[in-house]
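I opened the notebook to look at how two chains meet. The entries below follow the order in which I looked things up.

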Amino acid sequence: MSRGLIFSFLFHTLVIFITAMTLPFMMREPIDVPPIVSVELIQIKDKTFIPYAPKARKIIEKVKDDNKRVVSEQAPPSAKAKEKPDRIPLPEDKKETKQIVKKKQNPEEIKPQIRQSSEFEKEELFDTNEIAALIDKAKEEQAETQKKNSQITQSNVKTPFAKALSLSEEDALRAQIFGCWSVPLGLPYDKDLLVRIKLQLKPDGRILKAEILDHARMNTPGQSFYKILAESALRAVRICQPLKVPPTGYDRWKDLQLNFDPTEMLKG
Amino acid sequence: MKKTIIIFIFFVLTIENAFSLIKVDITRGNLDPLPIAVSPLHIDNKSEDFKSLKEKKLGEEISKIIEKNFKSTGLFNPLKKDAFVQKPDIAHLKPRFEDWRLIKAQALITGKIVVKDKKLKVEFRLWDLTAAKEMLALSFTTTPTNWRRVAHIISDKIYERLTGETGYFDTRIIYVSEKGPKDQRVKKLAIMDQDGHGTKYLTLGNELVLTPRFNPTNQLVTYMSYFKNMPRVYLLDIETGIQEVVGNFPGMTFAPRFSPDGKKIIMSFAKDGNSDIYSMDMETRVVERITDHSAIDTSPSYSPDGKYICFNSDRSGLQQIYTMRSDGSQVKRITFGSGIYGTPVWSPRGDLIAFTKMRKGKFYIGVMRSDGTGERLLTENYYQEAPSWSPNGRVLIFYRETKSDSKGKGFTAKLWSIDITGYNERLVKTETDASDPSWSSLLSK
């Protein structure tokens, strides 16, 4: 009897111990910060370093003279290392990278790939980066105030009011679909050619469900061109999948509406 | 109370905001040719003469014609058959969509051939490979000798289903066949399928012939011939071979063309160095004068609704394009660019007019809107003229001559086609040299 009790006790303890050891690891994985961060960090350094280095050095030296403990973000790391070999306590360095990471969210530094893809929009006029910067600044502020108010620690996952893609995110998605959409050339360009498709996406950007919003128009007599257009748009979306959606914030973009309108293109 | 209402409205607004969809506008796409797989049509083993059909490879031949038609549009890219992953008979029942997608095809055509009671039955299916569903399924029954036409009709149906506009494959082209040295050319009227197959000669070549044009039913042709050295407009019935002179004019008539309803022929009549535009009713043979001007008015062409006519005239000094109502009123000049404009032809869609332009010793084929705006020159060359529209108004066919050397050699005249976007310029193969092409309307309507 007592032997059985002991075995039972030991066995249960073992099970609890294993669960306690493994479960947190399983929980932790998805929360991990996305690894893309480090790639972008390098680009910022390159960019800021090349044009501003001479000026920056002067400023840095001045600042160093004034207060030797202040470290500028713009200073090249190698120079820092040479000038202050004894310093570099690890915690401080970590702080430094964190600061830069924050700054990096500022879209003044949009990935070069995305910039290329947004060539289509360039003709249209204004500096998209500036506007993207403004929007994202606003978003950051919003997120910060929310954090203060509700003490929610996960940043943008639970922000129901920030339901929009940034310009750069939108550009990436748009450019991807441009490449997949073979526009049927026989369409009458003097008619209403707007096709609205509602998508339900999986977290990896694949399509769970695609639905044409004006479905009734597909079978309307005299609107056969609409069916052809809608089908071509659906084909484009399917060929393109997985769609280039942001790596985080699935709640934001799991439902997405694409408005296809080739009127401008057909008019030439 | 007020407070609760305000709070309620606030909630409604925020909920709406929270659940509103992210919308992305897609205003551009690509114009790359659509990758399409045309599986050879399989021959049903219940067919009569199964062996001979197999030997003739009829299924493969039909699929080749469809492929060739699609390739010529520049809008499709038929994939090589080596990469095909399924047998034609199984694919026709139910394709394995994933496998076809692997070879990057977006659409698949499959089909079956049966011969029963000496009649050929061809059925085909068009599959959307990305959506994994059937888009179109039709079958045609005809006499076995008509198999080429069936291939063209299938091409038309698929083209229409995928692009939204009618096709132009089941059509014919009439043209002037030319042979011999430049100063002694033998010119005959010739007719062929739009893909260059099945050429037939309609005249013997004793007289010079020019500017043949189909009537809307494609049974009659009007053209100009120098019979007994008198240039006149003639009418030819393609099936019976009967010819007749159009109208009893005391002088030279030229540049004839049918009205869209086929009831009238419009042409130029020249007398004492002045030419004006006349029309003749086909039933009553009554001739009506439409323009009355001391300048040379020629090359008339009706708008598709028959209400307007475009023509060229040198009444302003240089030859330019004008439009007027079909009774001759409201004459309006529509071209003002530098150079000389000629051979205007109204598009079957009604939105554009094609023309030939000569400027600084170069010839251009171009299109513009029917009010003269939006001029676009599609192609430039040493000598080219006489554009004619495909029945869907998407492609132009015209002829181009090359320069002969000092010994008079090297001269050629060939037919060319070009898309109205200015892309996809192609040589149209003909048995001999060719000029003055005219595209028929669809044979099967």
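Which residue of S1(B) does A:Asn259 stand opposite? I looked it up and found B:Asp25. I note that the model I am reading is predicted.

S3 of chain A, residues 255–260, pairs with S1 of chain B, residues 22–26. The two strands run in the parallel sense, and I noted 5 bridges between them.

Entry on the contact between chains. I looked up how many residues take part: 39 residues of chain A are in contact with 25 residues of chain B. I then asked which elements of chain A supply at least two residues each to the side touching chain B. I wrote down helices H8 (167–180), H9 (224–240), H10 (250–253) and H11 (263–267), together with strand S3. The largest share comes from H9(A), with 8 residues. Sorted by class, this side of chain A has 24 nonpolar, 10 charged and 5 polar residues.

Entry on chain A as a whole. I looked up its secondary structure and found 11 helices and 3 strands. Chain A has 268 residues, and 18% of them are buried.

Last entry, on contacts inside chain A. I took the contacts between residues at least 6 apart in sequence. Of these, 72% join residues at least 24 apart.

How values were computed. Residues are numbered from 1 along each chain as its sequence is written. Chains are lettered from A and ligands numbered from 1 in the order in which they are written. This is a predicted model: local features need pLDDT of at least 70, side-chain atom pairs count only at pLDDT 80 or more; totals for chains, interfaces and linings use all residues. Two residues are in contact if their C-beta atoms, placed from the backbone, lie within 7 Å. Helices (H or I, at least four residues) and strands (E, at least two) are DSSP runs, numbered from the N terminus. Ala, Val, Leu, Ile, Met, Phe, Trp, Tyr, Cys and Pro count as nonpolar, Asp, Glu, Lys and Arg as charged, and the others, Gly among them, as polar. Two strands pair if DSSP finds at least two bridges between them. A residue is buried if 20 or more other C-beta atoms lie within 10 Å of its own, exposed if 12 or fewer, and partly exposed in between; C-beta atoms are placed from the backbone.
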